[in-house]
Amino acid sequence: MEHRNGSRIPVCLNVSLWKGGKNLGWYCARDIGPGGLSIKGALPELRLNSLVKVSIETVQNNRFQLLDYRALVVHKNVSSMGFMWTDYEISLPMIIPEAIRRAA
């Protein structure tokens, strides 16, 4: 069961997933919020309650930057996956403006 801490904002963000030092690929985040995010697509090798690193691509001062956070797989079906943050210092103010700009 997924636990949400606040509402999520629809976005269009590139995120990279990592497990055990292995890059699992780039995916499109569908929404993000203080409690977690969801992505389009599902990875068979990731089970519920798997701990992963999520790298979120942002632009700061006209430069690409990756923000890394730890997250837990809390939802999975054939077309999407949901993640709950395990870090409590998520820099949403840095992420959201870029996400809104890309989604527009």
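Colleague: How do you know that strand 3 and strand 6 pair, and in which sense do they run?

Modeller: This is a predicted model, and what follows applies to that prediction. Two strands pair if there are at least two bridges between them. Strand 3 and strand 6 are joined by five bridges, so the pair meets that cut-off, and the two run antiparallel. One of the bridges links G36 to M84 of strand 6.

Colleague: What does strand 6 do on its other pairing, with strand 5?

Modeller: Strand 5 and strand 6 are also antiparallel, over five bridges. M84 in strand 6 is the bridge partner of L72. A hairpin of three residues connects strand 5 to strand 6.

Colleague: What makes the sheet a barrel, and in what order do the strands stand?

Modeller: Six strands close into a barrel in the order 1-2-3-6-5-4, with antiparallel pairing. On average, neighbouring strands of this sheet are turned by 45° against each other, direction ignored.

Colleague: How many bridges hold strand 1 to strand 2, and how many hold strand 1 to strand 4?

Modeller: Nine bridges join strand 1 to strand 2, and the two run antiparallel. Among the bridge partners in strand 2 are A29 for L13 and W26 for S16. The two strands form a hairpin with two residues between them, and G20 in the turn has a positive phi of about 60°. Strand 1 and strand 4 pair in the antiparallel sense over four bridges, with L17 opposite V54 in strand 4.

Colleague: Why is S80 called buried?

Modeller: Buried means under 20% relative accessible area. S80 has 4%, so it is buried by that cut-off. S80 lies in strand 6. Leaving aside neighbours within four places in sequence, S80 is in contact with R30, I39, G41, A42 and H75.

Colleague: Why is strand 6 described as largely enclosed?

Modeller: Five of its six residues are buried, so strand 6 is largely enclosed by the rest of the structure. Across the protein chain, 43% of the 104 residues count as buried.

Colleague: What makes a group of residues a nonpolar core here, and which residues have the most contacts inside the largest one?

Modeller: The members must be buried, of nonpolar kinds such as Leu, Val and Phe, and joined through side-chain atoms within 4.5 Å. The largest such core has 22 residues, and L17, L37, V54 and F83 have the most contacts inside it. Strands 1, 2, 3, 4, 5 and 6 each give two or more residues to this core. In soluble globular proteins, nonpolar side chains tend to be buried together.

Colleague: Which residues does F83 touch?

Modeller: Not counting residues up to four places away in sequence, F83 touches R8, L17, G35, G36, L37, I39, V52, A71, L72, V73 and V74.

Colleague: Where is confidence highest, and where is it lowest?

Modeller: Strand 6 has the highest confidence in the protein chain, at 92, whereas helix 1 (residues 92-103) has the lowest, at a mean of 55. The mean pLDDT of the protein chain is 81, and 78% of its residues reach 70 or more.

Methods:
Residues are numbered from 1 along each chain as its sequence is written. This is a predicted model: local features need pLDDT of at least 70, side-chain atom pairs count only at pLDDT 80 or more; totals for chains, interfaces and linings use all residues. Side-chain values use heavy atoms; hydrogens and water are left out. Buried means under 20% relative accessible area, exposed over 50%, partly exposed in between (1.4 Å probe, protein chains only). Contact means heavy atoms within 4.5 Å. Axes are lines fitted to C-alpha atoms, for helices over the stretch in contact, and angles run from 0 to 180 degrees between N-to-C directions. pLDDT is the predictor's confidence in each residue, from 0 to 100.
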